[in-house]
Amino acid sequence: MSEFTVLDLLDLDIKEHNHLMLKCIAGRSGLSRAITTDKISRPGLALAGYFVDFSKDSIQLFGRGEQSYLSLLERNNDWQNIEKLFSYNLPCVIFIGGAEPSEHFIELAEKNATAVLSTPLDSADFSRRVYQMLDEVFAETETVHGVLVEVFGIGILIKGESGIGKSETALELIERGHRLISDDSVKLRRLSENYIIGSGENPMLAHHMEIRGLGIINLHNLFGVGAIREKKHVQLIIELERWDDKKNYDRLGGEESEEIMGITLPKITLPVSLGRNVASLVEMAARNERLKKLGYYSAKEFDQSVLKWLESKAARKLYYNTDSLKEGSFDNKRS
């Protein structure tokens with residue numbers, strides 16, 4: 001990941017429609033300072049003089065409690081701990097609830113080149129939003145060659161060798177009303193222990209598609225905004241491969257999987273040959289995956305049905321054999 005600065009944090013607001021509602025009120029010379037962690041800190045203990053284990057690399061959030069204590073220190077003309085706070089080269093200081101610091105506080109921020117920001121949001125709401133944003137910024141990432149589509153609400157990563165038909169399959173899915181996230185290059189982010197989100201490696205090019213024989217097409221212009229989306233939770237991997245007559249393909253729906261960044265995702269290998277409608281098979285795979293998330297496994301139910309049938313058949317055979325033995329013994333007695 002390239003360096004992420006305070007100015008990038010403000011730029012993220014613009015991209016996300018002013019999501020954090022931040023504005024810079026002082027220390028503009030510190031906007032280039034790097035933010036190196038996805039944590040935020042409440043500096044109440046530091047203002048009281050306790051700097052042991054102080055999280056100096058984190059964004060410093062001044063909520064109502066910190067603002068109230070800061071006002072008390074300023075009324076008592078006690079600036080020692082505040083000056084020590086700024087000596088740590090903090091990434092930035094954010095005031096909650098639209099509050100703004102005193103002139104002397106701003107002077108200290110300017111002197112130490114520390115950006116002071118303000119937001120009208122309350123502490124809980126701002127913390128939730130900024131944590132969500134920083135999780136994506138600092139998430140583990142990996143770029144893979146493939147196509148990411150949304151089919152019936154399921155994020156499907158279609159992989160396979162070059163020329164196998166990934167883009168053509170995605171195009172047919174879009175014609176059927178599904179949506180494209182990215183073609184050819186997919187950027188994956190691990191946001192938690194079991195959550196991977198995918199987007200385009202380059203947002204400006206993500207919704208363009210290369211079709212051999214046609215060239216580059218713009219799906220946004222051809223199909224409208226309903227045919228695209230910026231990012232999607234990856235829930236299923238489909239690997240396209242050329243049909244191999246010597247290979248035994250899964251015919252019952254086993255539990256195949258693939259690990260990406262330490263997270264195991266369900267996987268389906270689809271052999272491609274003339275006459276197979278891959279887009280229809282992808283749709284069926286998406287429907288089946290939705291059923292699995294509801295606790296319904298077609299393969300397992302089939303296995304259970306076969307077992308019940310075999311057990312009932314064996315029971316009938318045992319019953320009839322037993323009855324035949326009884327009838328035979330009765331006839332012997334009569335004779």
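Biologist: In which strand is Gln235 found?

Modeller: Gln235 is found in strand S14, which spans residues 231-242. Please keep in mind that this is a predicted model.

Biologist: Is Gln235 buried or exposed?

Modeller: The term rests on a cut-off: buried means under 20% relative accessible area. Gln235 has 13% relative accessibility, so this residue counts as buried. Setting aside residues up to four places away in sequence, Gln235 touches Gly153, Ile154, Gly155, Pro266, Glu289 and Lys293.

Biologist: What fraction of the 335 residues in the protein is buried?

Modeller: Buried residues make up 42% of the 335 residues. The accessible surface of the protein comes to about 19,200 Å², and 50% of that area belongs to carbon and sulfur atoms.

Biologist: How many helices and strands are there in the protein?

Modeller: The protein has 10 helices and 16 strands. Five of the strands form an open sheet with mixed pairing, in the order S1-S5-S4-S3-S2. Strands S1 (23-26) and S2 (40-41) stand at the edges with a single partner strand each, so one side of each has no neighbour in the sheet.

Biologist: In what sense do S1 and S5 pair?

Modeller: S1 and S5 (residues 115-118) pair in the antiparallel sense, over three bridges. As one detail, the bridge partner of Cys24 in S5 is Leu117.

Biologist: Where is Leu121 placed, and which residues does Leu121 touch?

Modeller: Leu121 lies in the loop between S5 and helix H6 (123-137). With 9% relative accessibility, Leu121 counts as buried. Not counting residues up to four places away in sequence, Leu121 touches His19, Leu20, Met21, Ile96, Gly97, Phe126 and Arg129. Leu121 and Ile96 are 25 residues apart along the chain, yet their C-alpha atoms are separated by 6.2 Å. For the protein overall, residues 24 or more positions apart account for 70% of the contacts with a separation of 6 or more.

Biologist: Which residues touch the most other members of the largest nonpolar core?

Modeller: The general idea is that in soluble globular proteins, nonpolar side chains tend to be buried together. Here, the largest nonpolar core has 28 residues, and those touching the most other members are Val149, Ile156, Met209, Leu219, Ile238, Leu240 and Val282. The elements that give two or more residues to this core are strands S7, S8, S12, S14 and S16 and helices H7 and H9. Helix H9 gives the most, with five residues. A second, separate core of 24 residues includes Phe4, Ile94, Val130 and Leu134.

Biologist: Which residues is Leu219 in contact with?

Modeller: Leaving aside neighbours within four places in sequence, Leu219 is in contact with Leu171, Ile174, Leu180, His207, Met209, Gly224 and Ile228.

Biologist: How many residues of helix H7 are buried?

Modeller: An α-helix has 3.6 residues a turn, so residues three or four places apart point the same way. Helix H7 (residues 166-175) is mostly covered, with seven of its 10 residues buried. These are Lys166, Ser167, Thr169, Ala170, Leu171, Leu173 and Ile174. After H7 comes Gly177, whose phi is positive, near 105°.

Biologist: Which residues form a nonpolar patch on the surface?

Modeller: Leu45, Tyr50 and Val52 form such a patch, with about 320 Å² of accessible area together. Val52 sits in the loop between helix H2 (44-47) and strand S3 (59-62). Its relative accessible area is 48%, so Val52 is partly exposed.

Note on methods: Residues numbered from 1 in each chain as written. Predicted model: local features only at pLDDT ≥ 70, side-chain atom pairs only at ≥ 80, totals over all residues. Heavy atoms only, no water. Pairing = 2+ DSSP bridges. Helix = DSSP H or I, 4+ residues; strand = E, 2+ residues; numbered from the N terminus. Patch = residues over 30% accessible without salt bridge, like charges linked within 9 Å, V, L, I, M, F, W, Y side chains within 5 Å. Areas by Shrake-Rupley, 256 points an atom, 1.4 Å probe, with all protein chains shown as cover. Salt bridge = Lys/Arg side-chain N within 4 Å of Asp/Glu carboxyl O. Buried < 20%, exposed > 50% of the residue type's maximum accessible area, 1.4 Å probe, protein only. Contact = heavy atoms within 4.5 Å. Core = buried A, V, L, I, M, F, W, Y, C linked by side-chain atoms within 4.5 Å.
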